[in-house]
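Student: Could you take me through one part of this model up close? I'd like to see how a few side chains sit together and what lies around them.

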Amino acid sequence: MHSLDKEMEILKEGLKELHLPVSEMVLDKFRIYLEKLYEYRGRLHLLSHKDYTRITLKHFLPSLMVLPYLNQPQNGCDIGAGAGFPSIPVKILRPEIDFVLFESVRKKAKFLQELITSLSLKGIEVVAQRAEKYKEKKFDLILIRAAGRIRDLLNTVDGLLAPTGRAFFYKKAQIDEEIKQAEARLRKKNFRIKVEKVLTPVERIPLSLVMLYRQCSP
């Protein structure tokens, strides 16, 4: 199978750099994740073609960059979960967080459900609808990666975020203009914003984690 062993070696290196556990259980789950992505290659457009040679560097390790900035969230959601990034890598390392994964494309939602079953994950649910239509509960953690611009997603975040919750957007290093375009709506929705500049493990690619929280949050 293409580069699976190489991917696992890179994953071990990256987890060590992030001071995260390199246990057999964690490694086994990421190996299963890789196998499932390889299985679906050609059947469903989950990743770009070139990403299949660098899943760990492009997706697994960047997904985990949020971990140092989490407090003790009890329930989280992933808006536009796609292939499961960032929520499923986060769930593997933080299994105590319950997750709802929003994915409106039904074939992708089915993939996510199969993946969750293969990984034997508990406390995680796939909702095959757009996140803005969901009304069942609020979340104290929202993760958003490659789902759209901050300005365009503020109404959705506003409707899903608990009063003391936090939403994290995974963005490229240059984020100033996108934040500027969102400023008026951020003020209107009573959001504060904090940007954490980070470097991915191994490759040292700069990323921005954009955290939104309400004025009343500590």
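Tutor: Let's start with Tyr33, which has a relative accessibility of 0%; that is under the 20% cut-off, so Tyr33 counts as buried. Keep in mind that this is a predicted model.

Now look for the ring that pairs with Tyr33. The model has eight aromatic pairs. In one of them, the ring centres of Tyr33 and Phe60 are 4.9 Å apart. Find the two residues along the chain: Tyr33 belongs to helix H2 (residues 24-40), while Phe60 belongs to helix H3 (residues 55-63), so the pair ties together parts that are 27 residues apart in sequence. Phe60 is buried too, since its relative accessible area is 0%.

Phe30, Tyr33, Phe60 and Phe85 are linked by ring pairs into a cluster.

Follow Phe85 for a moment. The peptide bond that leads from Phe85 to Pro86 is cis, and its omega is near 5 degrees. Pro86 itself sits in the loop between strand E1 (75-79) and helix H4 (87-93).

The loop between helix H1 (4-17) and H2 holds His19. His19 has a phi near 60 degrees, which is a positive value in a residue other than glycine. How much of His19 is exposed or buried? Its relative accessible area is 74%, over the 50% cut-off, so His19 is exposed. Compare that with Tyr33, which is buried at 0%.

One more ring is worth a glance: Tyr40. The charged end of Arg43 sits over the Tyr40 ring, 4.1 Å from its centre.

Nine of its 12 residues are buried, so E5 is largely enclosed by the rest of the structure. Strand E4 (residues 139-145) runs parallel to E5, and six bridges join them. With helix H6 (residues 150-160), E4 and E5 form a right-handed β-α-β unit. E5 also pairs with strand E7 (residues 206-214), this time antiparallel, over seven bridges.

Note on methods. Residues are numbered from 1 along each chain as its sequence is written. This is a predicted model: local features need pLDDT of at least 70, side-chain atom pairs count only at pLDDT 80 or more; totals for chains, interfaces and linings use all residues. Side-chain values use heavy atoms; hydrogens and water are left out. Buried means under 20% relative accessible area, exposed over 50%, partly exposed in between (1.4 Å probe, protein chains only). Helices (H or I, at least four residues) and strands (E, at least two) are DSSP runs, numbered from the N terminus. Two strands pair if DSSP finds at least two bridges between them. A crossover is right-handed if, with the strands pointing away from the viewer, the path from the first strand over the helix to the second runs clockwise. Rings of Phe, Tyr and Trp (its six-membered ring) pair if their centres lie within 6.5 Å; planes under 30 degrees apart count as stacked, over 60 as edge-to-face and the rest as tilted. A charge sits over a ring if NZ of Lys or CZ of Arg is within 6 Å of the ring centre and within 35 degrees of the ring normal.
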